[in-house]
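Let's take a walk through this one together, starting with the whole chain and then stopping at a couple of residues. Have the sequence and the 3D view open side by side.

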Amino acid sequence: GINAEYGGVKGRVVDLCNVSSRKYRLAFAVTVGRNIDAIAVDTEQTAKDCIQYLKEQRLITATFLPLDSIQSKPINERFRQLAGTAKLVIDILEFDPVYLKIMLYVCGNTVVCDSLEEAKRLAFRGREKLKVTTIDGTLIRKSGLITGGQSGLDARAKKLDDKVILELKRRKEKLAAELEQIKQNQAARSIEKEDQLRSQIASLERNLRYAETDLQFTDNKLTETQRELRTITDEQTK
């Protein structure tokens, strides 16, 4: 795959960030749109190489976001001071700061709030136009166009859930592997300890046999010496 072929591939947008609360899933999905599957890469050259690779392999097309050349507008700090439940979509995300330009590109200064009424008030206030989304996935564009409905949106939002489930499965597998390793280590240590004890017992048994043999030899020697002593005594008394 691309990740194996090119080291500069960082991952899909959906894989490079986490939504701080599950209630913002749809808002995030509708904000980033198809860019949820866009792939971050280190350079424009890596993006070109990847596109060429996809063509050669006759694979599905993909959008690439090069960190070295992507253009994104800075955060409008005024949108962080809005009243009510309003938040910048980028502020509900958790991500490595190295991907800030990517997140700014896909989120822009889009604001999320809880209700459609609040979203309308924000979007149509004064001369400064805002792009606003609600937590149920309704989007009000700067032009005033309002789009909503679940078609395709749930599928995009589900990718966030799939990512969480996959991560949990990975953690579970990792913990299971670690537990198995601990069991194996304990078994190995038990076998090693058993071998040590067996070796020590065998050594003690050898020493005991040597001691018994030595004792038997000493007893025999003593008996022989006593016999010789009696013989000498008997001769002297004659």
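Start with how the chain folds back on itself: of the contacts between residues at least 6 apart in sequence, 62% link residues at least 24 apart. Keep in mind that you're looking at a predicted model. If you count up the secondary structure, you'll get seven helices and 10 strands. The chain has 238 residues, and 29% of them count as buried.

Now zoom in on T133, which sits in strand 8, residues 132-134. Is T133 buried or exposed? Its relative accessibility is 0%, and buried means under 20%, so T133 counts as buried. And what is T133 in contact with, once you set aside its neighbours within four places in sequence? The list runs A27, V30, T31, V89, T110, V111, V112, C113, T138 and L139.

You'll find R34 in the loop that runs between helix 3 (25-32) and strand 3 (39-41). Here the relative accessibility is 79%, and exposed means over 50%, so R34 counts as exposed. While you're there, look across to T63: R34 and T63 are 29 residues apart along the chain, and their C-alpha atoms are separated by 9.0 Å.

How values were computed: Residues are numbered from 1 along each chain as its sequence is written. This is a predicted model: local features need pLDDT of at least 70, side-chain atom pairs count only at pLDDT 80 or more; totals for chains, interfaces and linings use all residues. Side-chain values use heavy atoms; hydrogens and water are left out. Helices (H or I, at least four residues) and strands (E, at least two) are DSSP runs, numbered from the N terminus. Buried means under 20% relative accessible area, exposed over 50%, partly exposed in between (1.4 Å probe, protein chains only). Contact means heavy atoms within 4.5 Å.
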